[in-house]
Amino acid sequence: MTGHLKSLAGLLLGGAVLIMSTAVPAAMHGKHKAAQGSLLEKCHGPAALPSPDCGRTPTPAFAADGTLWLVFSQHGHVYVTASSDRGETFGPPLAVNPRPEAIYDDGENRPKLAIGPDGELFVSWSRRIPGRYAGDVRFARSVDGGRSFEPPVTINRDRAPISHRFDSLIVDGAGRVVLVWIDKRDQVAAKKSGADYAGAALYYAVSDDRGHSFRPDRKLVDHSCECCRIALDLDGQGGVTVLWRHVYPVNLRDHAIARLHEAPIRGLPTRATDDGWVVEGCPHHGPDLAIDDREKAHLVWFSKGEKNRGLTYGRLDLASGRLEFQQAIDRSAAASRPQILLAGGEVIRAWKRFDGERTALMVSRSPDSGRTWSKAEAVAVTSDDSDHPQLIGHGDAAYVSWHSRAEGYRLIPLAVGAGT
């Protein structure tokens, strides 16, 4: 997600400093232990001021000029804030939705942020509505460099009190805003007619006018899994590729991949993984995707299948739809939430590993398109609850974005080009 971003000079230079983080030596990065108690006290209760430290699921995006933007959820609001110093300090947060809403803000279903080619800020999230697991996809945009946001709108045209959730957001190579989400309208219709319907469906909407309006919803595919995050990336032509957990016959919860222009998909979609995982229900554990300039899709995912268990890496050729090879990342029972990124000529993967007392943020790198990998190293740890890690790049630089309850928000730089 790139584009020239107008600065928030008044906010970043004249605003109060809300967040401070202090680097520590060696591989571990985080705030001093002495500050953890004060952070927990500062963030306790409904009176806590909005900040990436105290909010939930902070999600980053770099602008072309290097400004780090974050979107997070707190007190029923989606907020954005910006940093000009790689997350050391942030400007005062701005509420995207002026009226509080019930927001889905867990790791799999979090507010999203994308930056347009002219510096627009696009924000999406899933709003809770009355009904079991019911929700709507919400969207708002800023066309003045983040100084203000237009009123939020609901994207899904179907307004039944059912699940329209787990939205994913991207700006394609032509500057179009694309939203993809999990939708249960077809499952509801099938039940009314007495037909069987496994899982949910993927729907999407596209804006050709910088988020001012969206074309009507279109269905990408039937029988997606019901509650795993959807991974999006751009291919070499700037088109959107989608990776998701699918329900194959009979109740195999493996992953599928498709280019958005291929919609709607008739029959079974291209299988991206084959783990043989039969599970009665959604694992709530989605994949991640990064596409290189040779049209190779680098994938990471979680499974408890008969063929593969734990975290796995694979490289898939988009032209043929063939998984060229795969290898285990971490087979420990407490490894989770894998992410993948291309930066500085390397493939980088990150994930969480719990040892019974502490959660470590693990990273390994490949200099040769995924054939060989460096030894996994812990770049941060926490003894408290933590969010999913997120890999993010700017130019040749790479970072892990991570939030934990005790340490707050951290943007952890990675040594790209360190070799194996």
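Among contacts between residues at least 6 apart in sequence, 52% join residues at least 24 apart in this protein. Keep in mind as you look around that this is a predicted model. The secondary structure comes to three helices and 27 strands. The radius of gyration is 20 Å, close to the 22 Å that the globule rule gives for 420 residues, so the protein is as compact as a globular protein of that length.

**Overall dimensions and surface**

- Taken along the principal axes, the box filled by the C-alpha atoms is roughly 60 × 50 × 40 Å.
- Of the 420 residues in the protein, 58% are buried.
- The accessible surface comes to about 17000 Å², and carbon and sulfur atoms account for 52% of it.

**The largest nonpolar core**

- The largest nonpolar core has 24 residues, and those that touch the most other members are Leu202, Leu220, Val242, Trp244 and Leu260.
- Two or more residues of this core come from each of strand E9 (164–171), strand E10 (177–183), strand E11 (200–207), strand E12 (218–224), strand E14 (240–245) and strand E15 (255–259).
- E11 gives the largest share of the core, with four residues.

**Helix H3 against the strands**

- Helix H3 covers residues 185–192, and its buried residues are Arg185, Asp186, Gln187 and Ala190.
- These buried residues of H3 pack against E9, E10, E11 and E12.
- After H3 comes Gly194, which has a positive phi near 80°.

**A four-stranded sheet**

- Four strands make an open sheet in the order E13-E14-E15-E16, with antiparallel pairing.
- Strand E13 (231–234) and E16 are the edge strands, each pairing on one side only.
- In general, the strands of a sheet pair through backbone hydrogen bonds, either parallel or antiparallel.
- E14 and E15 run antiparallel and are joined by five bridges.
- To see how these strands line up, find Leu243, which stands opposite Ile257 in E15.

**Cis peptide bonds and positive phi angles**

- As background, most residues other than glycine have a negative phi, and most peptide bonds are trans.
- Pro249 and Val250 are joined by a cis peptide bond, with omega about -10°.
- Val250 lies in the loop between E14 and E15.
- A cis peptide bond also runs from Ala263 to Pro264, with omega near -10°.
- Pro264 sits in the loop between E15 and strand E16 (270–271).
- Arg210 is not a glycine, yet its phi is positive, at about 60°.
- Look for Arg210 in the loop between E11 and E12, where it counts as partly exposed because its relative accessibility is 37%.
- Arg337, again a residue other than glycine, has a positive phi near 55°.
- Arg337 belongs to strand E21 (residues 335–343), and it counts as buried because its relative accessibility is 16%, under the 20% cut-off.

**Cysteines**

- A search of the whole structure finds one disulfide.
- Its partners are Cys43 and Cys54, whose sulfur atoms are 2.0 Å apart.
- The torsion about the S-S bond of Cys43 and Cys54 is about -70°, so this disulfide is left-handed.
- Cys43 and Cys54 are 11 residues apart, and each is in the loop between helix H2 (33–42) and strand E1 (56–62).
- At 21% relative accessibility Cys43 counts as partly exposed, while Cys54, at 14%, counts as buried.
- The two fall into separate classes because buried means under 20% relative accessible area.
- Cys227 is buried, with a relative accessible area of 15%.

Definitions and conventions
Residues numbered from 1 in each chain as written. Predicted model: local features only at pLDDT ≥ 70, side-chain atom pairs only at ≥ 80, totals over all residues. Heavy atoms only, no water. Core = buried A, V, L, I, M, F, W, Y, C linked by side-chain atoms within 4.5 Å. Buried < 20%, exposed > 50% of the residue type's maximum accessible area, 1.4 Å probe, protein only. Disulfide = S-S within 2.5 Å. Pairing = 2+ DSSP bridges. Contact = heavy atoms within 4.5 Å. Rg over C-alpha atoms; globule rule 2.2 N^0.38 Å. Areas by Shrake-Rupley, 256 points an atom, 1.4 Å probe, with all protein chains shown as cover.
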